[in-house]
Amino acid sequence: MLQFFILLSVASVLYWLWNNYRLNVAQSKIPTNFQFLDNPSSFSLPGNALDQSAPVRRAFVQGLLNTLRVSIAGILLALLIGTLVGIGRLSKNFAVRTVSGTYVEILRNLPLLLLLTFMNLAVVLKLFPRIESAWVPLELFVISNRGIAIPWFVGSGTTLLIILGCCIAAMILVSSCCKVYSNRTGKKVRTILISGAVFIVVMVAGWSLFGFNLTLPVVNERGSLGGIRIDPSYFALLVSLVLYTSSHVAEIVRGSILAVPKGQGEAADAIALEPIKKMQLVILPQAFRVAMPALGNQSLNLIKNSSLGAAISYFELTQIAQITVGNGSPAVPAFTLTLIVYLAISLMSSLIINIVNRRLALVER
Amino acid sequence: MRTWLRRNLFRTWWDALLTIVFSGVALWAMWSVFRFVVFTGRWEIIDVNLTLLLVGRFPKDSLWLLYGVVTATAFWGAAVLGGGEVAGALAPSRAERLMLAVRRFGLLVAVGFVLVALAGVQESIWFVVAIVAALALGRQVKKWRRKITALRQLPAVIWHGVLALAPVVMMVLTIRSADMRLWGGFLINFYLAFLSILLCFPLGILLALGRRSSLPMVRLVCAIYIEAVRGAPLFVLLLLSGVALNFFLPPQIDPGPVFRSVTVFTLFTAAYLAEIVRGGLQSIPKGQTEAGRALGLPTLKIIFLVTLPQALRNVIPAQIGQFISLFKDTTLAGAALSIVEMLKISQAITKQDAFLGRGYIYEVLAFAGLLFWVGSFVMSKESQRVEKKLGVGQR
């Protein structure tokens, strides 16, 4: 009975909203379907194949790719830096402890948009030099307010991907062989060293096979030539997302390290593990089991926060939606589509996180 | 001293190296900040635009209303929270109490001092005097409540109702007299956060209860709502409400940007709050519900008198954390809906004729960052204190 009543009230609210929507749309005669996706986009994206005649659909896909580009790099960096800072906060060293603590407390309590604005307006556009007087550290990079150029490979992306894939496969194969060997014989094998060597060997072999070359960026009149150029807005967005998220990750890591029972650390001390080994083999694996759900949440937050790139004109999904709306696409379907894409990303990521979580969770017998 | 140094800074050669690197970084950062604040910062831009940054184009002759709100709220806060007495032997000495007060309120006082120094008008000094007087009066009132029998016997509802009367009346007066389009700056950040917190609270609790309800359809509806909102970025929701909210309302209502953003903030935070409250409800042992049932209480009473109060108490830190992030997220309203909040105004004033193109962005962002940072930091520290005081996790 109660259920029926509640559902009835929810349904009536929804009906009221729907009714308003219907009436208002009928009155204002704006389109509410997704046909605008086939219209020409009439804008172009710098550094992409997208030109004025490509359909809006393509622009959205490009935006999604840009979102993923910044999110994946951001998540990896934020997890890495956050873990280091989190460990640093528990260090016995006073200087390390204080600096890490200050890092966390400052960044955690600032609005992300403020960090982003600061990175974009104050650091990238003001502090970085103009292209005429660009910083060229080691003759390898070109840093200016038009972006950061780094050395990159000449050649097609697919072959590069194939080589990288081969490298990683070889590395995994060798390291698992090492593990089997050391498990069987009880001997210590320097897995990381060997697999790193294999990685480099395969990569060099692949390079010499396909004839890859590096190009170094150089400054020419209006910009940098050669290498690959990282957009200033990409750089600003990535750095501020990483700074902000890593401060949250650090707190999570600290909390989960503290949640590992003290006896574990003492046991590691008792068998005379070095501090780094103790962290790596005893404390962190157990801490990450606790931290996993919260870290997954932070990664999702980072993906969602990447939508702020629209505030500094980084061409990610939200910015593309804003531009297409500005170019005359109907606003409601465009933003709804954006929302649905974000929702799909979140749901898929949380599915992955749940699976990983279940595999990591302590199996109690 | 030498032992401390060796233990904390120079345990091994590796430690010593870390110490040197990190102290170097810290000293360099401290020196740059110091140099910026004292020497290279050109603070006249803040000085000239202080009113704009803090309250936007709020009419000058009704500023006294705002002063009234702040003073009344200070009085209320002091009367409700202030002056906890610790009994007998545990009572800290005067010096310890002073240390504690500095650690709790030092930052706020320092920021207040900076603001007064920047404003430098007679008015602002009177304002500070009024706040201090209100705080003192509030503490005194709290003491009277403890000491005077007649006051002690007043029921809590009446007592708190009377105390809250002043701030509530002042707020209502302010909001009624205001033209929302003129509000701006830090005031609008505060207003958005405050209003959204008030509104999202009942909704969040209802959603949390719904998600734990035994009725499958209710559970489903609540779960879908919560997951959908939690999967969406706030910024896109704000943009969407900027173009689409008016379609879902009857044509006679014309939602302004403040209305739109408060709606989104409320609906958004309610979903997160629901998850927090649900966590709190899950932490309540089953015995509590069963005890309530054994007493013959109806289900609603069990929820509102037994489980919910305990659940809410257990998750106070998480709730405050959510509110802090809401407070920080109010800056998004500027970027998405063109509300002239703090961050938006800070960027706008660098484009005034006197300051255009001369790189004042550092100063204004530093000032905006300082206010946000102090607000969030003080709130999070207070939440830790409340947590300790309530003994969460120790009972």
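Reader: How many residues does the contact take from chain A and from chain B?

Author: This is a predicted model, in which local features need pLDDT of at least 70 and side-chain atom pairs count only at pLDDT 80 or more, while totals for chains, interfaces and linings use all residues. Residues are numbered from 1 along each chain as its sequence is written, and chains are lettered from A and ligands numbered from 1 in the order in which they are written. Two residues are in contact if their C-beta atoms, placed from the backbone, lie within 7 Å. Here the contact takes 44 residues from chain A and 46 residues from chain B. On the side of chain A that touches chain B, helix H1 (2-28), helix H3 (94-108), helix H4 (112-127) and H11 each supply at least two residues, where helices (H or I, at least four residues) and strands (E, at least two) are DSSP runs numbered from the N terminus.

Reader: How do the residues of that side of chain A divide into nonpolar, polar and charged?

Author: Ala, Val, Leu, Ile, Met, Phe, Trp, Tyr, Cys and Pro count as nonpolar, Asp, Glu, Lys and Arg as charged, and the others, Gly among them, as polar. By that division, the side of chain A that touches chain B has 28 nonpolar, 12 polar and 4 charged residues.

Reader: What span does helix H11 of chain A reach, and what covers its buried residues?

Author: The expected span of a helix is 1.5 Å times one less than its number of residues. Helix H11 (residues 331-360) of chain A, with 30 residues, reaches 43 Å from its first C-alpha to its last, close to the expected 44 Å. A residue is buried if 20 or more other C-beta atoms lie within 10 Å of its own, exposed if 12 or fewer, and partly exposed in between, with C-beta atoms placed from the backbone. Among the buried residues of H11(A) are A:Phe335, A:Leu339, A:Tyr342 and A:Ile345, and their cover includes helix H9 (275-305) and helix H10 (317-326) of chain A together with helix H11 (234-244) of chain B.

Reader: Which residues have the most contacts inside the largest nonpolar core?

Author: In soluble globular proteins, nonpolar side chains tend to be buried together. A nonpolar core is a set of buried Ala, Val, Leu, Ile, Met, Phe, Trp, Tyr and Cys residues joined through C-beta atoms within 7 Å. The largest has 133 residues, and those with the most contacts inside it are A:Leu116 and B:Leu238. Helix H7 (residues 232-259) of chain A gives the most to this core, with 14 residues. Leaving aside neighbours within four places in sequence, B:Leu238 is in contact with residues including B:Val264, B:Leu332 and B:Leu337.

Reader: In what order do the strands of the open sheet in chain A stand, and why is one side of each edge strand left without a neighbour?

Author: Two strands pair if DSSP finds at least two bridges between them. The 3 strands of this sheet have the order E1-E2-E7, with antiparallel pairing. Strand E1 (142-144) and strand E7 (228-230) of chain A stand at the edges, and because each has a single partner strand, one side of each has no neighbour in the sheet. A hairpin joins E1(A) to E2(A) through 2 residues, and these strands pair over 3 bridges. A:Ile148 of E2(A) is the bridge partner of A:Ile143, and the bridge partner of A:Ile148 in E7(A) is A:Ile230.
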